[in-house]
Amino acid sequence: MPGWTTIVPPETLAIALGREDLVIVDCRHSLANPGAGEVMYQQSHIPGAVFAHMDRDLSDMGKAGIGRHPWPDAASFTARLGEWGISPQHQVVVYDDGEGAQAARLWFLLRALGHEKVAVLDGGWRRWAANSLLPVDSHPPRSAPTRYVGEFQRDRLLDAGQVQQRLAAGDLLVDARAAERFRGENETIDRVAGHVPGARNRPWTDNTVDGHLKSPVQLAEEFRTLLGAHSPDQVIVMCGSGVTACHHLLAMERAGLKGARLFTGSWSGWIADPGRPVATGEA
């Protein structure tokens, strides 16, 4: 059976509930209240879904100086996948509260392991819960632990020094934060406002319309305009901490533009070294 690799509609997922090769992961998260997502999961979730916490499961918060959501080591992350009952052969579907900004982080964590059969639920929990015909549950699933063996594709994961090298070589850096944060006008999260010199701004929300990911044709047209002469593997995406930037990677792959890289530390990792340059205003 062909796998879902970018997005899947709720109605399609509902038909597949109970499939032995399917694992659903709830990634709801709030920066303002990191415990809120787990509380919402405990109250109600898609039947069979396990819960992934952004800080505890999808990041390594023990690492310092490389951003607010440090990329985890492969060994610890694959161990968590095994606890959730996910093997390299499983079809994984991930969701958050809406457009996929948090779910895309887990989508790319798996994609960076080479896991192809992983998709984001289009419209997320909001769309699922709005349809009274779709089932919900409040009980934790009985996961069958398994073993996941894999390593991250390191060439798709860049640190600040590598980003500087790639920019000097002519690569394109795309910042997924809101325009006012990119310009340095309204920074409410990080201690320094502005952006990496040479970066271009495309807010991740530009990938959606009415709570859904745009069509492949529309995304391809928009990203090709942004990329210009750059090929997808000459593109690096970033945001505040390496989370919402993954939404660009999802959107680009849906548009058939595969191979872009992630600046894992993103803006919070860039400003960890006060010696790195900072720009403000438009790119």
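Buried denotes under 20% relative accessible area, exposed over 50%, and partly exposed the range in between, computed with a 1.4 Å probe on protein chains only. The model is predicted, so that local features need pLDDT of at least 70 and side-chain atom pairs count only at pLDDT 80 or more, whereas totals for chains, interfaces and linings use all residues. Residues are numbered from 1 along each chain as its sequence is written, and side-chain values rest on heavy atoms, with hydrogens and water left out.

**View A. Salt bridge between Glu222 and Lys214.** The two side chains meet at 3.0 Å, N to O, a salt bridge being a side-chain nitrogen of Lys or Arg within 4 Å of a carboxyl oxygen of Asp or Glu. Lys214 counts as buried at 11% relative accessibility, while Glu222, at 21%, counts as partly exposed.

**View B. Salt bridge between Lys63 and Asp73.** The N to O distance is 2.9 Å, and both residues, 10 apart, lie in the loop between β3 (50–51) and α3 (74–83); helices (H or I, at least four residues) and strands (E, at least two) are DSSP runs numbered from the N terminus. Lys63 is partly exposed at 25% relative accessibility, as is Asp73 at 41%.

**View C. Salt bridge between Glu99 and Arg126.** The closest N and O atoms are 3.8 Å apart, and the pair links Glu99, in the loop between β4 (91–95) and α4 (103–112), with Arg126 in helix α5 (residues 124–130), 27 residues apart. Glu99 has a relative accessible area of 27% and is partly exposed; Arg126, at 48%, is also partly exposed.
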